[in-house]
Amino acid sequence: MNKKLLLTLSVLSTCLAANAQDTLRKVPADTTTIKKKQLQEVVVSASRISESILRSPVSIEKIRASAFKLSAAPSFFDALENVKGVQLITPSLGFRIINTRGFANTTNVRFTQLVDGIDNQAPHLGAPIGNALGPSDLDIESVEIIPGTASALYGLNAINGLANFITKDPFTSPGITIQQKTGINHVGDKETGVKSFSETSFRIAQVLSPKFAFKLNGTYTTGYDWIADNTTDQNAAANTKLGIPGGPQNPAYDPINGYGNESSDRKTITLGGKQYSVARTGYAEKDLTSYGLHNVKLDAALAYKFNANTQLTYTFCFGDLDNIYQRANRFRLKGYTLQQHALELKNDIFQVRTYLTIENTGKSYNLRSAGENIDRNFKSDNDWYADFTKGFNNATSAGANVQQALNQARQFADAGRYQPGTPAFNATLNKLADINNWDVGSALRVKDDLFHIEGQADISKAISKDFIKQTGLDLLAGFDHRTYIIHPDGNYFINYVPGKEFSNLDYSKTGGFIQASKELWDNKLKLSATLRGDRNDYFDLKLNPRFTLVFSPVVEHNIRVSFQSGYRFPSIFEAFSNVNSGGVKRIGGLRVVSNGIFENSYLRTSIDAFQTAVKNNFNQGISTNAAIEKEKGLLKKNPYTYLQPEHINSFEAGYKALFFDGKLSADADFYYNKYDHFIAQVEINVPNTQKADSIPYYLNDKTKQARYRVWTNSQSKVTNIGGSIGLTYHLPANLQLSGNASYAKLQRTTNEDALEDGFNTPQWITNCSFGGNRVAGNLGFNVTYKWQSGYYWQSFLVNGNVDHYGIIDAQVNYDFLKTKLNVKLGASNLTNKYYNSFLGGPSIGGFYYTTLTYTIK
């Protein structure tokens, strides 16, 4: 569809999910009531205090439970895809990732996800695994999303944005609710046929006395995951100089979702006087895993009120995951558990919160390592390449042409290879899944904890109840401390202190902030300033300021401007990882981990170019030594060094307004972000010699160099710009027309950086929606169309273009038994046109479901 048309549609409507107002209204519509509700809508996440959404000093989106009921998405988390400025990517049916304003990836360490203010990340990742530890549809009250830097108030590495999932209070929302969601997917999928989906949820909340209440939630999900089976050749140019195109006939064929034929499983060999790039055969992802999904979530809360203003709450959350997960590689999660214990004491002056998160990856395993090492269990690399050479020579001696000889050589080398589904294959896969070394096995065995404590005080109220009135100043201050506790497993993490390799490793940070705001000109102008400081065990104090201005000439029209700075300390994986994987060691960027590697290394990109040039020269009749001398100028010494915190300066301007007695709401924003010391990975190789004349010869031989993938900082000034616009129009009979458009673009001062960009974000994302709750009696419906432009995806698993796509979601629902029973029939991707939300992930088709929700007050 034409981009201009989509943008026009977006300006004429606004995103359902971005709608910050309760859409349930009586018929005929009371525009006075609409306007009142919109003006009184409050948010807490933008400034960590309750404030009008219209006068929020930064962009913020609020989505209420009523909007999630209206959404055609299968769950509240899926519905966030339609929020203005939000990008969702789907590595799995049971695992979706939120991002805003660029630099998306499957473990988004730049976006913070909270539940009632509590970070629900998986500690070893520094990012959440979707909604694994989050609330169910039955317990969600609202979601507040800040699409932009929030580090000045939250720290927590929230430099891309923040989402706060606010759950229902058992004191104000008691009752029993049961929900059964039943669906099907893989419709028209020739690989599997139609598969069933089931999700059963319950919520029990009860007020036992005026001072004590509790709630209990549970969800059990089963289904069949989306399949990743992209066979596009990532190494298509490997042998084109020899007249062999990319694809299955390419001896260096590397399909995107094939594992065991990556760069670490390839070598250059001489066949018939020519040098060919040849890869081992590898296995398809679908051969290495089952796609069954079995996830469990439980949470419980006990709340005690000391008085009307002071409440103590204990919360326990538990998640058990069995589905596909993705970061640099694809993983099968099996028995992966997260649990969290949280205690909070709050009143209208202060709040103190502490929590402990415990992670155990269970029996999970790495699909790429499994593919590589099943091949190596069958036959070593040296033996396989020797057999390949022998098979080629035998074939050419028998009169075969080159392509026939290459095919016959692979058949000869693969003779007796373990075949998927056979007892030998399954036994080997199971054995490798229990070996915690990715050079020879595939197990993921990580155990770690996160301890956090924070406090916040309303200084103005603490001084005097009349302090704000007398001075016009509103003062807020807070502090936090966080410690990651790593239990070294010998593969993923080790303790780098000599003699303490398996002793627990701590990684801590402490910070605090103070915020002051003041209203001027009869409350038409609101100014605020925030200063935050954070210190990490390995880094000095970093300061994050924020300055905001909100001008409201009338209450319905509000202009906001803000500038803020943010630091992101490296996650524990970026700082301390120690992973051997297929001959490549992925290590953290702190000096204690990677000492001595940066100084003596060369960029992998330059080594690849050098080796390719040497191979091409050889095939043109030049000797290898002569080719090395001719092409050695292509080699580039590594310019990067040890890891430093990532930093962002962000400028934002926005406008939020109501028109036509509140029937039309509008929100627009523009931002400019500038990053320093952008954290990314670089692949570098260290030759096993320090003799300058010998280095090019060592770097042309894979056996004479050590290969590393190291976390470091970009030397480029990385900038991105963007903006969004959304409108909502309330029609008669509870109907609303809505839509939004978001734009994001990466800019850099130089394009010579060898690091992964990882911007991974479409320039355009648009959403249009039409529908309403109770539009005719108890009947409601909604139709949503989403379109996003194609974009370039860059990661260490795969690089390439993601096609644009457009999908339609639709639902109809009806309240029976005086609203006690709601029946919802819905479809996500109604037309069942399969698409990929990112490269390397699964193809996503239609999902058709029925949801029955029964409530007992």
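**Entry 1: H8 and H9.** I asked how H8 and H9 lie to each other, and they are oblique. The model is predicted, so I keep that in mind throughout. I read off an angle of about 135 degrees between helix H8 (residues 381-397) and helix H9 (residues 402-413). Their axes are 7 Å apart. The crossing of H8 past H9 is right-handed.

I then listed who makes the contact. H8 contributes Trp-384, Asp-387, Phe-388, Lys-390, Gly-391, Phe-392, Ala-395 and Thr-396. H9 contributes Val-402, Ala-405, Leu-406, Gln-408, Ala-409, Arg-410, Phe-412 and Ala-413. I sorted the residues of this contact by class and got 10 nonpolar, 3 polar and 3 charged.

**Entry 2: H7 and H10.** Next I took helix H7 (residues 367-378) with helix H10 (residues 423-432). They pack at about 120 degrees, and their axes are 10 Å apart. That angle makes H7 oblique to H10. I noted a right-handed crossing for H7 and H10.

On the H7 side I found Ala-370, Asn-373, Ile-374 and Asn-377. They meet Phe-425, Thr-428, Leu-429, Lys-431 and Leu-432 of H10. The class count for H7 with H10 is 5 nonpolar, 3 polar and 1 charged.

**Entry 3: the cores.** Which residues have the most contacts inside the largest nonpolar core? I found Ile-129, Leu-288 and Phe-576, in a core of 70 residues. I followed up Leu-288. Setting aside neighbours within four places in sequence, I listed its contacts as Tyr-259, Tyr-283, Tyr-365, Leu-367, Ala-370, Gly-371, Ile-374, Phe-425 and Leu-429. Among them, Ala-370 and Ile-374 had come up in H7, and Phe-425 and Leu-429 in H10.

I also noted another core, lying apart from the largest one. This other core has 19 residues, including Ala-67, Phe-77, Ile-145 and Phe-165.

**Entry 4: Lys-500.** Where is Lys-500 found? I placed Lys-500 in the loop between strand E25 (473-487) and strand E26 (505-520). Its relative accessible area is 45%, so I logged Lys-500 as partly exposed.

Note on methods
Residues numbered from 1 in each chain as written. Predicted model: local features only at pLDDT ≥ 70, side-chain atom pairs only at ≥ 80, totals over all residues. Heavy atoms only, no water. Axes fitted to C-alpha atoms, helices over the stretch in contact; angles between N-to-C directions. Helix = DSSP H or I, 4+ residues; strand = E, 2+ residues; numbered from the N terminus. Parallel < 35°, antiparallel > 145°, perpendicular 65-115°, else oblique. Left-handed = near helix turned anticlockwise from the far one by under 90°. Contact = heavy atoms within 4.5 Å. Nonpolar A, V, L, I, M, F, W, Y, C, P; charged D, E, K, R; others polar. Core = buried A, V, L, I, M, F, W, Y, C linked by side-chain atoms within 4.5 Å. Buried < 20%, exposed > 50% of the residue type's maximum accessible area, 1.4 Å probe, protein only.
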